[in-house]
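Thanks for coming. I have one structure to go through today, and I will take it part by part. Please have a look at it before I go on.

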Amino acid sequence: MKPAPFVRHVPRTLQQALAMLSQLAGQDGRILAGGQSLVPIMAFRLAKPAHLIDINEVEGLDRLDSDGKALTIGARVRHAAFHGPVVDNPLAALLTYVARHIAHYPIRMRGTFCGSLAHADPASEWCLTTATLGATMIARSTRGTREIAAKDFFDGIMSTALAEDELLAEVRLPLLAADAKFGFNEFSRRAGDFAMASSLVAYRVVDSKIAEARVGVGGAEPSPRRIAEAEAALNGQPPGDAAFRAAALAASDAVDPLEDHQTNAEYRRDLVRVVVRRALEHSLQ
Amino acid sequence: MSNPKPKFVGRSVARLEDRPLLLGQGRFAADVSFSGQWHMRVVRSPVAHGKLQGIDAAAALALPGVHAVWTHQDVAHIPPIPFRLTGLVELEPYRQPILAKDYVRYVGEPVAVVFATDPYIAEDAADLIELDIEPLAPVLAASGATGPFDAERATEPSIIRKSYGDVDAAFKAAHAVVALALSTGRHSGVPMETRGAVAHYDEARDILEMHGAAKVPWWNRDHIARMIGRTRTNMHLLEGHVGGGFGIRGEIYPEDVLVCAAALAFGKPIKWVEDRREHLIAANHSRQQQHRIRAAIDAEGRILAIDDEFFHDNGAYMRTHAATVPDLAAAMLPGPYRVPAYRVAGHIRLTNKTPCGTYRAPGRYESTFVRERLLDAVAAKVGVDGVEIRRRNLIATSEMPYDLHLETLGTHIVYDSGDYALLLDKTLACAGWPALQADLKKRRAAGEKVGAGVAMFVEKSGLGPSDTVRVEIRKDGKVEVITGVASIGQGVETAMAQIAADALGVDYTAIDVVHGRTDRIDQGAGAFASRVTVMCGEATRLASTKLRDKVLRLAAELMQTDASALDIVNGEIVSRDSTGPSMTLAELAQAPPGDLSAEDTFLSSHMVYPYGVHVAAVKIDSDTGAVAIERYVIGYDIGKAVNPRLVESQIAGGLAQGLGGALLEEFVYDDHGEPLSVTFADYLMPTSREVPDISILITEDAPSPLNPMGLKGAGEGGANPVGAAIASAIDDALQRPGAITDLPITPQRMKAICRQN
Ligand SMILES: Cc1cc2nc3c(=O)[nH]c(=O)nc-3n(C[C@H](O)[C@H](O)[C@H](O)COP(=O)(O)OP(=O)(O)OC[C@H]3O[C@@H](n4cnc5c(N)ncnc54)[C@H](O)[C@@H]3O)c2cc1C
């Protein structure tokens, strides 16, 4: 469990970082952010990057601010930044609640929001959050800047739309409506483990009816995504058991569950129904 | 001369061993280094079964910093690893060579070793070694028809058979027969500290030392020495701090022999520290058994006979424990119940998986699960509850000592003492059983899936045949207790110091307990089978008492009085009537003749048998299949608790491991024999969030008649019946007797069972 040899580079500015990335990406160069996914993988020698571009000292990447429309989260912002409220909007409570489900305290002190997105584990809470809320990813390289919508960003298990010379510099997460409701639920075998299924929901209640429903499911398919069938089952219905059950069933019918040696499709599908229903129930608490 | 009344034994005094650990000053295997040392990396088989056609180490040897690569031909003169316990002759051909010869038989089997200047280069080089292996079909199931395991071996090297009474007649005469098919999952002890070994040859003194020993340093010293052509006098094993033993750590493994042989061959210190992935595929696994059990019962549910056949999945080789685990499973199965006739056949089966050994409560975790499931099934059959059926079948105190007519570990099993029914009553009272039942019933009526279960067991401990202890008073008045046991973190130093302190009349903090060092005492049996407090504890008491007599005799001469007029109080020799002069132990030690030491040996040919009751209350989430433990109560009678808090820690730690095997931990293999549980993300250990609060009731109602303090060991009762108790509680929650047949009960399996409702 000793990593293969590598060279660590420590850029101080974004320009330096992008230049290094453009030069080294083709020679097995990779970004090192919090290291909470990359370092274990290197220890197992499942990844043997020859160069690590450590972005932990790059100026400006620690941005965490709001322009009234969206929250901007820079590449150095760690999970632990969300242990408390970061913006005066219901989004803050959502992020705080979700963050508590990521791994364990020491890992949250190092791991980054953007690193989670770049790593793209199917069960990552932040991947689910950005997919559900429709975040925009800002990818930068020496070639320029690209804005990528969350729905186009995730591209299967541990795969994203980022090119190898692109840095995920920041993410813009739209603020929620002031009266928005949200709910989250996940199931894992132990506290802090990657979820076997998770769900984040957000909606408004207009004239006692659900509107603008967003139902995201994570951990169940190669990438987290919104489930249109479940959202349709909610919109226009009064929030409550009947609508929630219908949406949960719609979600579990809609997914094409991942299977592994601990989890067959039938069980995973059941879990999707459970986490969606519980996330919706949580939204009323 | 009467001993002073106990001042330390029986009290929860603070542990002596914690200071260096809490200050980060522990000295674990990986902390040991010698200048100029080489690092060893093991190249392991990537396939479960195959013919080894060739090994190409050229690229590895060309890497700067690489000193050597060994394959089987470099160690062909070293015999396979011997058996330490239960070494049946027919198993000998199945012993493990230290490097694979001709065949590889499990993923993780050592095939070659690399020696390099640092561990990084060693691992780089190991990656460059090319193995030419022709894959063969793996054997993965331990039941079913027997056949060839490979060209040289059969899948079933032996069958453990034990019996007494007329089983067939009992089944013929039975009112009813209850039959079950049950299994326990493959899991094992996973100490926080992985294995490690550092060998160092001192040319000047012609002494070979191996650091990183644990558990059984003396036996290992003798046998590694024999394997590599040395003797017990020019080789030493040294134990530092040990981050957990649990049965699996400290046995002789290929790596221990390899570092020793290499230190001699190259004249360089050789260091090997295992990584976690290696640990999960290379250190002993345990527990995987399938049982088909039947009970013949009368109309009241009294057991007339038990007939069990089981298949023990031992992995690819027979390691140091040989037939120990299946033998213990077979011998201890009857437990605390009167079983007039009993027959068992335990098939030892080879599979292309990691070889197995003992793990805390070896064989008993398995057979307690099976027996207690059987008791629950009998209860269901005759329509009484689980508590009542146990009461009807428990062995009575009037029957003690109770001869089981079975043997294991070279001893005849005779339960030395016990009041099983009394402990059941006390534990149920502690759990508030009637109120708990009423509450659960009410909640079930409201739709919750909640239930409680009880499991009982008899443990064994204090395996002989002997332990020797030397006690010395040094010139500074400090007392040294030199033992032949090992400390695997269980608190040996504290417990032995308490016993010696009371016998001598000094404070327990004035005592240094030496353990795990073959250079300090010539023989020792080590730490396993919950033997230390019983065997070493009594030897410590004997030697300390002898020393006390010697001290008083010598002091009496100097003080010109009679020894019977003197006493030792707080390390000072005083006259019993508090008059006249006094003298410190240091003063006496500095006066001629000065030799203040005594040695004594405790011999015991029978084990002692603690016993216990676990009560679990669970809640099932029928949506997800998750099982939450709401309440857990453990009653354990260990005759005499030297330090109750240490006993509680033993029980609590054991429970966590028992829970792991019941709900979480499992070494899973795919159809090709590829291990899938090779990281802590896949092999799930319980964490503080998964382990519930527990209530522990330690009782001393049945002191052992086999040693004067009445001691019984406490190491394994926390783990033994956990799978059984949780299974019983889940059945109750589902109101479906016999719902649980297999461990571990993962959420997916639980959910599938819920779906059948
Ligand atoms: C025991 C354990 C439990 C965990 N449990 C969870 C969990 O429950 N939920 C969860 O979501 N995560 C979990 N994690 C993962 C953790 O959240 C990681 O922090 C996260 O996945 C990656 O973030 P990082 O900053 O550590 O990235 P790193 O490990 O540094 O990098 C991960 C990958 O992303 C790339 N990368 C990182 N940042 C960028 C960037 N800005 N632009 C482009 N590429 C980039 C790296 O090159 C690398 O390939 C767990 C980790 C551990 C060790």
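I start with the shell around the ligand, where H5(A) supplies the largest share, four residues. This is a predicted model, so please keep that in mind throughout.

Which residues come nearest to the ligand? Out of 29 residues around it, they are Arg30(A), Ile31(A), Gly35(A), Thr112(A) and Glu125(A). If we sort the shell by class, we get 13 nonpolar residues, 13 polar residues and three charged ones.

Gly34(A) has a backbone N or O atom 2.8 Å from an oxygen atom of the ligand. For Leu38(A), a polar backbone atom sits 2.7 Å from a ligand oxygen. Thr112(A) uses its side chain instead: an N or O atom there is 2.6 Å from an oxygen atom of the ligand. How much of the ligand does the protein cover? On its own, the ligand has 960 Å² of accessible area, and the protein covers 89% of that.

Ala120(A) is in the loop between H5 and helix H6 (125-133) of chain A. Its phi is positive, about 60°, although Ala120(A) is not a glycine.

Next, the layout of chain A as a whole. The domain assignment divides chain A into domain 1 (7-54), domain 2 (64-174) and domain 3 (185-282). Taken over C-alpha atoms, the centres of domain 1 and domain 3 of chain A are separated by 35 Å.

Chain A also has an open sheet of four strands, and what is their order? Reading across, it goes E9-E10-E11-E12, with antiparallel pairing. Strand E9 (181-187) and strand E12 (225-226) of chain A are the edge strands, so called because each pairs on one side only. E12(A) is joined to strand E11 (residues 209-218) of chain A by two bridges, and the two strands run antiparallel. In one bridge, Gly216(A) is partnered by Arg226(A) in E12(A).

Moving on to chain B. Here the assigned domains are made of separate stretches of sequence: domain 1 is 19-26 + 463-603, domain 2 is 32-136 + 195-273, and domain 3 is 289-395 + 403-462 + 607-756. How far apart are the C-alpha centres of domain 1 and domain 3 of chain B? They lie 38 Å apart. The two domains are in contact, with 18 residues from domain 1 of chain B and 21 residues from domain 3 of chain B taking part.

Last, two cis peptide bonds in chain B. One runs from Pro592(B) to Pro593(B), with omega near 5°. Pro593(B) is in the loop between helix H15 (585-590) and strand E25 (597-603) of chain B. The other runs from Leu743(B) to Pro744(B), with omega near -5°. Pro744(B) belongs to the loop between helix H17 (722-734) and helix H18 (747-755) of chain B.

That is what I have for today.

Definitions and conventions
Residues numbered from 1 in each chain as written. Chains lettered and ligands numbered in written order. Predicted model: local features only at pLDDT ≥ 70, side-chain atom pairs only at ≥ 80, totals over all residues. Heavy atoms only, no water. Near = heavy atom within 4 Å. Polar contact = N/O pair within 3.5 Å; in protein donor to acceptor, adjacent residues only side chain to side chain. Areas by Shrake-Rupley, 256 points an atom, 1.4 Å probe, with all protein chains shown as cover. Nonpolar A, V, L, I, M, F, W, Y, C, P; charged D, E, K, R; others polar. Domains from an automatic or database assignment. Contact = heavy atoms within 4.5 Å.
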